[in-house]
Amino acid sequence: MPGLLYKEFVAVKGKRLLVVIAVILVLSCVLRVIFPGSMAESSDLLSSDDNKINLIDLFFALAYVMMISLTLSISDVWGAALADNDRDSSRIECYVRALPVSARDYIASKYIFVGVASYIMISVLTIIGIVFAAFSEPGIPQDLINMSNVMMVPFVSMILFFFSFGLPIYILFGKEKGRLVSTVFCIALALVVIGVALFGNMESMSSENSGLVLFVQWYSSHQIEASLASYLSPIPVLALYYGSYRFTSYCHARREVGS
Amino acid sequence: MKNITLKRLLIYLGLSFGITWAVFFLFILTGNTWTGSSNEMISFISLAMLVPTIAHVLTRLITHEKMKLAGEDSMMLGIHLGNRRGIFYLIAIFLPIVYGTLSDAILILCDPGIFDPEGVTVFYAIAIPLISIVSGVILSFAAFGEEFGWRAYMMPKLIELMGMPRAVIVGGIVWGLWHAPLTCVGHNFGMDYPGFPVVGILLMCLMCTAMGTVLTYVTVKSGSVWPAAFMHAVNNAGASCLAVFLRGDIDHPIWVSALCLIPIVICGIIFFFLLPKSRKS
């Protein structure tokens, strides 16, 4: 298993990636310490409710939110990096069968690698968030950073949720076909949303008995419970992630028998 | 061989204490205290928990020790769930809830005024400890930062030098003293108690010895530092079934804090006798 994990580490250009992450971590923390929020108190903006917004803090808060968004958006790139190229697929398949590891271990290594990588990414983002918040003045930007930090656990769930569907596609179909499938899925989803927006009965959505309004009403009255439940989301998502691994192993084994 | 081990240990301790205490003193000299600082600053200073990891890696680089991830004389980063080792992960994750709940029960017995069941639903009572576990495990990097230093480097060296029973006690005291600068500015016990800060430092050493015993047990038995990291993280997340019933605005005297350590001390004693005694364990 360590060998397989190292293979994945090399496949995603792990050393280079680790250096980049370390540089981002150190650079962003050093910059925050050099430019604390107290430096820009004289250039505060006023928000609509007369709250002051520190410009330097705002810059770092937005940078932090962008880092989190970027991590989520590149998760698909990770998935693709772990998949085999279509043209090399059969060669790699033969190579894997020659290795003293089972096909199930081979699949498991990819899932474990994604889990470890997510843990590292979340840890790095949390450290950056803590440093950014510590040198911020009390106000909206600091609240934004704190809120993003608090959302880190549901954020992990979101990453693993995406991978639960993304990894089987990439592992079973290969890199190019996997990308094609995920692109088709995204386009189909976008078309459905546009279709609903253009041709759907939008008025019914805002009526008092529509599902959306009822959901918003329910959420407003159970906001704390919903927030607490979101912190427990890793439990069902990890179960889904494990189910995804079993499904991929099963399909992979069937394909081996078939070939 | 023992001389080399001792030198390595001293280098590690020098780095770990040197860097951490420098950070802590900077925190104190800039006018901060544990009780008087913002939550953001407390979280920031808690990042010093990563220093033992940095000290571990630096020591290995300085002393040219192998950087093996798993196995004998390794950094204990592997995860092995076979041979019923998975049970030590479960112990590590759920034990803090047991002694945390018992500690809170002692707190309520000593000061019934702190008990406030108003507005607490069954959902809260179940969800809060579960959340402590989930967030503790997922965001365990800070606890890992400490454990990777203490349990994966210091303890194997101490065990090699002085055998298991003494190593556990010495390791706990060292770990407790590492926290001393923060204990002097109110960490864990506040600043307003008789015998401040010596009593606080002594209590911290007692707590670290008791908890360190359990952490060493799960590390030795599982062959991995991860159960210790998870346990430390869940412990720091304040996992307790009674936590939601407690009022947060009441301070309690130092003797109540001392009594609240009884459950973890009992756990420490039990696990002390369960620990394998051989140096090669």
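Start by selecting residues 75-82 and 152-173 of chain A, which are helices α4 and α8 of that chain. They pack at an angle of about 30 degrees, with their axes 10 Å apart. Bear in mind as you look around that this is a predicted model. If you wonder why those two numbers get quoted, two packed helices are described by the angle between their axes and the distance between the axes. For the handedness, α4(A) passes α8(A) in a right-handed crossing.

Now show side chains for this pair. Which residues of α4(A) meet α8(A)? Pick A:S75, A:D76, A:G79, A:A80 and A:L82 on the α4(A) side. Their partners in α8(A) are A:I159, A:F162, A:F163, A:G166, A:L167 and A:Y170. Colour the contact by class and you get seven nonpolar, three polar and one charged residues.

Next, zoom out to the whole of chain A. Its secondary structure comes to 13 helices and two strands. Of its 259 residues, 25% count as buried. Take the contacts in this chain between residues at least 6 apart in sequence: 79% of them join residues at least 24 apart.

Stay in chain A and select A:C186, which you'll find in helix α9, residues 175-199.

Time for the core. The largest nonpolar core has 109 residues, and B:F230 and B:M231 have the most contacts inside it. To see the largest share of this core, select α6 of chain A, residues 103-134, which supplies 16 residues. Then jump to B:M231. Leaving aside residues up to four places away in sequence, B:M231 touches B:A92, B:I93, B:L95, B:P96, B:L215 and B:V218.

Last stop: the place where the chains meet. Here 16 residues of chain B are in contact with 19 residues of chain A. On the chain B side, the elements giving two or more residues are α2 (39-46) and α5 (122-138). Highlight α5(B), which gives the most to that side, with seven residues. By class, the side of chain B that touches chain A has 13 nonpolar, two polar and one charged residues.

How values were computed: Residues are numbered from 1 along each chain as its sequence is written. Chains are lettered from A and ligands numbered from 1 in the order in which they are written. This is a predicted model: local features need pLDDT of at least 70, side-chain atom pairs count only at pLDDT 80 or more; totals for chains, interfaces and linings use all residues. Two residues are in contact if their C-beta atoms, placed from the backbone, lie within 7 Å. Helices (H or I, at least four residues) and strands (E, at least two) are DSSP runs, numbered from the N terminus. Ala, Val, Leu, Ile, Met, Phe, Trp, Tyr, Cys and Pro count as nonpolar, Asp, Glu, Lys and Arg as charged, and the others, Gly among them, as polar. A residue is buried if 20 or more other C-beta atoms lie within 10 Å of its own, exposed if 12 or fewer, and partly exposed in between; C-beta atoms are placed from the backbone. A nonpolar core is a set of buried Ala, Val, Leu, Ile, Met, Phe, Trp, Tyr and Cys residues joined through C-beta atoms within 7 Å. Axes are lines fitted to C-alpha atoms, for helices over the stretch in contact, and angles run from 0 to 180 degrees between N-to-C directions. A crossing is left-handed if the near helix is turned anticlockwise from the far one by less than a right angle, and right-handed if clockwise.
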